[in-house]
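Please examine the sequence and the structure shown here before reading the explanation of its helices.

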Amino acid sequence: SGRETVGSSNMECDFSLKFHQQLLLIDEDLVSEDVAALKFLCVDLLPFKKLEHAKSAVDIFQLLMAEEYLNEEDTFLLAELLYRIKCHSLLRKLGYTKEKVQECLHERGRVSLYRQMLYELSENITNEMLMEIIFLLQNYLPKRWVTLSTLELLILLEKQGLLAEDNVQVLEEICMKVSPDLLETVNHYKRAKACVTSNLNSLRDMPEYLWPHRAVQHTQSRLGNGKSICSYVALLHVPMNSTEMMKPVLLEGFSLSFLQKMTSYKMDGPHRGFCLIFNNVCFDGSLLERQGSCKDAEELERVFTWLGLDVTTYTDRTSQQIEELMRTWQNVQAHKDRDCFVCCILSHGESGAIYGKDEKLISIRRIMSHFTAKECPQLAEKPKLFFIQACQGKEIQRPVYVEADAQNPSLPSTQHSVSPSESIPEEADFLLGMATIDGYVSFRHIKQGAWYIQALCSKLKLLVPRGEDILSILTEVNEDVGRRVDRLGTKKQMPQPAYTLRRKLIFPIPRDPPPS
């Protein structure tokens, strides 16, 4: 046992020695500007007096180890810092790549949004701009001012109380006078900060069925200095139930660059919106009955009701009736109090069009055009979603339990080919989810329902509670449907979304668990 102890001790020493050698190699490759950047990014994490006296990267590494932010087993914070100062080649010394760090930032990032914003701003301020800023701030600077770097100027403004994560007014005024382009970085930060605040507020009302996934206990030592909501952690107390203690929820890793790109549609109004479902099952001529479609319509109604929409279902409507209903709904004044609009159409179809009960075609573009900003101003700048379960081309040979939502096999398709992008109106805020790509059939099980609709409902129930946006959900739907084959293993299908959405569309997490 003594030999085992000695052997284990030697291995630990070797591991520790290798780790410190890695840090020294990284230190050798960092210039003075890199060290200054590392110090600045660590201001919220380390005691400022100690950080101020750090002269090298090794000094900073030692402070991080003393505060238990960095050790042999966990080097991610250092990887994040190197990533943020764009020293990507050094990540290999820690076993990381640029892509791997990007993947982990959302969950493990510790540099605050505020600090990210200031550093990004400093990277875009030229020497000429810096001189202008110093001139504008001369009444606030010490009399014996020595021209220093942008990062040092920002630290000085923080010391004097002129700049803080909840007070960037001076920064906004400076940017406006020196270079209005810089103001966009500050505005991105303010939007991101508001997004985090909104997420925290929504967590206070988190549904009970989500608690096991979101309410994770963390020790106080993990929290370090305990920053405010725009720092790397935000501590929120969520009531678990009337008999339990309040339990902390930790939000971490919000990335400013990530949040800059994720501005979302407003979806917190008193009413979510209207959802129309057109379910054409029986037809007047040669088109076959669409067995299994009622199961799809019922599942759509359950899911969109769960998401907070007011659902109305229409069964077996002619093309003229569909047109009249669209005109009626485009003039509904109650849209102005709703967040969005959803329309699902289940029918037989051809390229860019669907069949009414009377077997007359109506173009998808015509249907959607009723809800443009000009025709339906109450829905202007609000997301409008259309999901179409119908073939978009000729029927192919069907296996026993799978039918195709297309015309009779003997009738060749004469419809001009129309892609989904051509069907969508030429203005913002539309999404068109097609069950299949142009020219191909979509499949429907006569008992279990359509592949596309069942996958759509399943993924909405799974991913809305996780906070996923609609395009991410539709990507998962594509993956699900793309893996499916008919029972003979010969028929496949690939859905296709087209959209002009300007923002992320994220449905608020319902209070009730998903419908089973």
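Predicted model: local features only at pLDDT ≥ 70, side-chain atom pairs only at ≥ 80, totals over all residues.

Helix H8 spans residues 127–136, and its buried residues are Met-129, Leu-130, Ile-133 and Ile-134. Viewed down the axis of H8, these buried residues fall within an arc of 140 degrees, so they line one face of the helix. The spacing can be read against a general rule: an α-helix has 3.6 residues a turn, so residues three or four places apart point the same way. On the face of H8 turned away from the buried side lie the exposed residues Glu-128 and Phe-135. The buried residues of H8 pack against helix H7 (113–124), H9 and helix H10 (169–178).

Helix H9, residues 150–159, also approaches helix H2, residues 32–41: the axes of H2 and H9 come within 10 Å and cross at roughly 25 degrees. Angles under 35 degrees count as roughly parallel, and H2 and H9 are therefore roughly parallel to each other. Their crossing is left-handed. From H2, Ala-36, Ala-37 and Phe-40 meet Leu-151, Leu-154, Ile-155 and Glu-158 of H9. Sorted by class, this contact of H2 with H9 comprises six nonpolar residues, no polar residues and one charged residue.

Helix H5, residues 76–84, is mostly covered, with nine of its nine residues buried. Among the buried residues of H5 are Phe-76, Leu-77 and Tyr-83, and also Glu-80 and Arg-84. Just after H5, Lys-86 adopts a positive phi of about 65 degrees.

Conventions:
Residues numbered from 1 in each chain as written. Heavy atoms only, no water. Axes fitted to C-alpha atoms, helices over the stretch in contact; angles between N-to-C directions. Helix = DSSP H or I, 4+ residues; strand = E, 2+ residues; numbered from the N terminus. Parallel < 35°, antiparallel > 145°, perpendicular 65-115°, else oblique. Left-handed = near helix turned anticlockwise from the far one by under 90°. Contact = heavy atoms within 4.5 Å. Nonpolar A, V, L, I, M, F, W, Y, C, P; charged D, E, K, R; others polar. Buried < 20%, exposed > 50% of the residue type's maximum accessible area, 1.4 Å probe, protein only. Arc of directions from axis to C-beta.
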